[in-house]
Amino acid sequence: MTEGAALGKPGYDPATYRPLTWSDHAEAFRSGADRPSDYLARCLAVIAAREPKVRAWVTLNEVAAMPAAEAADKRWREGKPLSPVDGMPVGVKDLYMTRDLPTQMGSPLYAGRTTGEDSACVQALRLAGALVLGKTVTTELGFSHPGPTTNPFDPARTPGGSSSGSAAAVGAGMVPAAIGSQVVGSVIRPAGFCANTAIKPTLGALHRGERQGLSHSHLGVHAGGIEDMWAVAYALARFSGGDPGFPGLYGPEAAPPAAAPRSLIVVESEGWAQTDDATLGAFERLLEAVAAAGVTLVRRTDRADVEALEREIAESLLLCRDICGWELRWTLRNLAYKDVTKLSDSMRTRLELAEAMSIDDYRAALAKREAMRSRFRAVAGTADAMITLSSAGPAPLMAGNSGAGEPGITHMTGLPAYNAWTSAIGCPAVTVPMLAVGGMPVGVQIVGRHDEDWRIAGYARWLKESVAAVAG
């Protein structure tokens, strides 16, 4: 980590930034040269130092975490870890239930709420031996209204949303991994803002538990690198599987090796026109380096079918707004009945927009989504994967930020214009920190065909390990 980042000042440098990792400690855990309990103690020290400014956590559970870490010490020493993540401290986005901690969902209407139950992903983490260290901040109900978290590289900037705390905790070196979720851009965008490696897997590949009320929401993983990202994702799949009716995450337990793609489709989406010149310039230089490494790049101007895909996904933000709004209506109505004044202006606007929809409007939106998915399937098979930005630039400043977004909705945590299309289509996406713009990280996504999560993680690993990051 750079000195500037440690002080909470702008100073991200991809050449010197070193994320916190777990998997490379396995041999030390086995030999006794290091222990999960000592690792946890180091994490807690970083949290104590940085949390007052970063504010990534809603609640922490150090009291329960340390005995669990000491139990993991013994298992590693005896050569019997429950999984590769046995003893790993993990943050859980405060949308998911935890039996021993409140689940408050970023809303005053859920303040102090306890369920006494674990969500499927939390249960899986415990079965794998991971330490549920605490709950990380989410935006209100996982949508647009921000929480208190700041960016770990500049406290004046947003960490992104809705997985704000998860992204910031990993970016600040507080934990090696954290659970997030995405229904529009809530894993990939904040991960890019905070220099995380992260996966938004194939729709349904990881069990969302009680969070299945939105038809294209995804459970995701933030981490310091591909090894830890895959280790956590695999543990979730091993111990809880995918959503009901879905086959779950495909791929072996071992993280994918770096694999150079032969061809990549460059996707602009609706984000391109809203991206600042410095970010576009840095991304184009990165693409030049990718091409120089022998990868064939296909642009929208090269082929009619790619252009047709670009046109099909050009209003994905609006589509996601309408689908999510309709599907969220009953929840928002219930909350409004309790106390509408405790819903943010943004959430009340979502409810008003949804109430103006008819069932025919929703059916039309679903038909549009299916057309996008069909077009994607036709084009995705013509290349190894796709490449695009993770955001329309670095994390915006919080003060004076008027926000940006689709009609009726303002996004104060950054515009998810590069993310909505992959969420609606349900295809896997992996972001890696490849750009530095104005001293802040910007992620680059590798997007692939459904159920090829392991493969695209290998392409993302190749990109991170074989192509030099670019400063803009």
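Ala, Val, Leu, Ile, Met, Phe, Trp, Tyr, Cys and Pro count here as nonpolar, Asp, Glu, Lys and Arg as charged, and the others, Gly among them, as polar. With that in hand, let's explore the spaces in this predicted model.

**Exercise 1.** Find how the lining of the second largest pocket divides by class.

*Solution.* Start with the space itself, which is about 390 Å³. Next, look at the lining: it has 21 residues, and P19, G224, G225, I226 and K464 lie nearest the centre of this pocket. Two or more of the lining residues come from each of α8 (226-240), β10 (429-437) and α15 (453-466). Finally, sort the lining by class: 9 residues are nonpolar, 5 are polar and 7 are charged.

**Exercise 2.** Work out which element gives the largest share of the lining of the largest pocket.

*Solution.* Begin with the pocket, which holds about 540 Å³ of space. Its lining is made of 31 residues, with M105, E210, R211, L328 and T331 nearest the centre. Both β4 (177-182) and α11 (316-339) supply at least two lining residues. The largest share belongs to α11, with 7 residues. As for class, the lining has 12 nonpolar, 12 polar and 7 charged residues.

**Exercise 3.** Locate the residues nearest the centre of the largest cavity.

*Solution.* First, count the cavities of 30 Å³ or more: there are 4. The largest cavity contains about 140 Å³ of space. Of its 18 lining residues, S144, V184, S186, R350 and H411 lie nearest the centre. Here too α11 gives the largest share of the lining, 3 residues. By class, the lining of this cavity has 6 nonpolar, 8 polar and 4 charged residues.

Note on methods
Residues numbered from 1 in each chain as written. Predicted model: local features only at pLDDT ≥ 70, side-chain atom pairs only at ≥ 80, totals over all residues. Heavy atoms only, no water. 1 Å grid on protein atoms, 1.4 Å probe; cavity = no way out; pocket = protein on both sides within 12 Å on 5 of 7 lines; lining within 4 Å. Points joined across faces, edges and corners; volume = space filled by probe spheres on them. Helix = DSSP H or I, 4+ residues; strand = E, 2+ residues; numbered from the N terminus.
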